[in-house]
Amino acid sequence: MGVAHTATTTSIEEAPLAADRPVAGLADELVDHRFKALPPDAEGLTVGALAAERRNLFTGGFTTPVLALSAESVEHNLALLETYAERHGLAFAPHGKTSMAPQLFDRQLAHGAWGITAAVPHQARVYRAYGIRRIFLANELVDAAALRWLAGELDADPEFRFICYVDSVRGVELMDEALRAAGASRPVDVVVELGAGEGARTGVRTGAECAAVAAAVATTGTLRLVGVAGYEGEVPDASGERVREWLRRLVALAVDLDRAGRFAATGADGIVISAGGSAWFDAVADVFADIPDLSAPVLRLLRSGAYVSHDDGHYRHLTPFNRVPEEGALQPAFRLWAQVVSRPCAEQAFLNAGKRDAAYDLDLPQAQVVRSGRDGTVRPATGVTVSGLSDQHTWLRTEPDAELEVGDWVGMGLSHPCTSFDKWQLIPLVEADGTVTDYIRTFF
């Protein structure tokens with residue numbers, strides 16, 4: 001088995017920023033009809049030129065509805081998770097599916113991220129287009145066309161590091177067949193995915209099946225087993241103890257495979273043990289702190305992604321920082337601004353934003369503030385509640401004495417970052433005084 005090493009996270013070199021910073025090229029894109037809410041009089045400017053004007057979100061010609069991302073909250077959240085990961089000896093590969101925004105990936109890498117996590121091949125292609133050098137694909141990859149593309153990327157760039165799940169012998173066979181057909185010269189690094197339990201999502205269910213998958217990897221020349229991984233958010237009836245019990249199973253699987261000599265050539269990062277969504281990363285930190293000595297250094301890889309924007313609903317309730325407030329607190333960064341276009345009676349009003357603009361899969365938006373259409377003063381949205389969404393309208397239930405009239409802007413908090421980002425291709429990054437300092441491009 002070789003000489004034992006202390007189970008500490010391998011050192012993280014200077015953040016692997018995109019080569020030649022290709023995100024800078026996003027500033028050269030022209031502003032036009034493709035990007036909703038941007039000022040009509042900005043048509044023909046580049047995004048960079050518009051950002052340089054530092055327009056005000058409320059007085060600079062933006063049309064409603066408009067989604068704003070708080071510059072201060074994004075920076076706070078980036079710094080908080082960087083500090084959290086360092087404090088707990090974790091490497092960090094935040095899940096990029098949340099934002100699909102290369103500018104934010106760049107910021108995450110600058111804040112110490114080891115790499116960026118993806119879920120499907122398209123996302124990995126976006127990452128590579130913007131120079132991401134380390135990608136963790138938290139999914140199985142058995143698509144021959146995608147594997148052919150991956151083989152070409154690995155062969156063309158010796159600095160590119162890619163890791164993905166395997167969870168079946170058949171999957172291993174399909175990967176091996178496709179990579180051999182592609183003439184791949186570099187092996188693809190894989191981790192055995194441990195399922196979170198019966199009835200959960202993907203992943204191997206038993207220890208015997210895990211051993212069989214690992215053995216199948218060993219028979220190929222195209223794959224290299226470098227660790228184990230999974231997603232604790234799928235643990236049935238999740239609780240702190242249930243999640244920790246599953247995480248201990250994940251660590252035990254790594255120990256068993258290591259003793260069996262399955263991690264014979266793991267590469268510079270050592271043995272990878274990865275977990276961590278946005279709801280239980282405190283449990284991951286606790287259990288990963290007790291990983292025993294293995295035959296190589298251990299990369300404890302956290303993958304939480306929703307933190308970059310946080311939210312005012314789902315993750316506000318689920319965040320581990322509620323359980324460990326001494327570690328800090330994330331700040332919701334999204335606010336969707338829409339205009340009152342109708343108030344047909346004292347108990348009802350309608351805004352010009354709807355399902356095309358706001359996340360609604362987990363919770364409805366929350367009316368937070370009202371900006372007067374008369375004088376621009378801002379007040380709490382007292383007596384105003386979002387009761388439903390149509391495709392292009394927000395239904396408001398209003399108390400009879402609620403101060404709200406046609407023309408007012410209503411600022412709403414959103415729930416679920418993943419389905420907020422994906423409705424907007426270009427999102428204003430806004431300072432507290434309303435100044436727009438940049439525009440975040442998304443690729444869904």
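Me: Is helix H3 (residues 102-110) buried or exposed, and what does it pack against?

Reply: Seven of the nine residues of helix H3 are buried, so the rest of the structure largely encloses this helix. "Buried" here means under 20% relative accessible area, "exposed" means over 50%, and "partly exposed" lies in between, using a 1.4 Å probe and protein chains only. A helix is a DSSP run of H or I with at least four residues, a strand is a run of E with at least two, and both are numbered from the N terminus.

A word on the model itself: this is a predicted model, in which local features need pLDDT of at least 70 and side-chain atom pairs count only at pLDDT 80 or more, while totals for chains, interfaces and linings use all residues. Residues are numbered from 1 along each chain as its sequence is written, and side-chain values use heavy atoms, leaving out hydrogens and water. The pLDDT, the predictor's confidence in each residue from 0 to 100, averages 94 over the chain, and 95% of the residues score at least 70. Over residues 1-19, though, the pLDDT is below 50.

Back to H3. Its buried residues are Pro 102, Gln 103, Leu 104, Phe 105, Asp 106, Gln 108 and Leu 109. They pack against helix H2 (71-87), strand E3 (116-118), helix H4, helix H11 (418-421) and strand E18 (436-441); contact means heavy atoms within 4.5 Å. After H3 comes Gly 112, which has a positive phi near 95°.

Two packed helices are described by the angle between their axes and the distance between the axes. The axes of H4 (residues 121-129) and helix H5 (residues 144-156) come within 11 Å and cross at roughly 25°. On the H4 side, Pro 121, Ala 124, Arg 125 and Arg 128 make the contact, and on the H5 side Ala 146, Trp 149 and Glu 153 do. These residues divide into four nonpolar, no polar and three charged. Nonpolar covers Ala, Val, Leu, Ile, Met, Phe, Trp, Tyr, Cys and Pro, charged covers Asp, Glu, Lys and Arg, and the others, Gly among them, are polar.

Methods
Axes fitted to C-alpha atoms, helices over the stretch in contact; angles between N-to-C directions.
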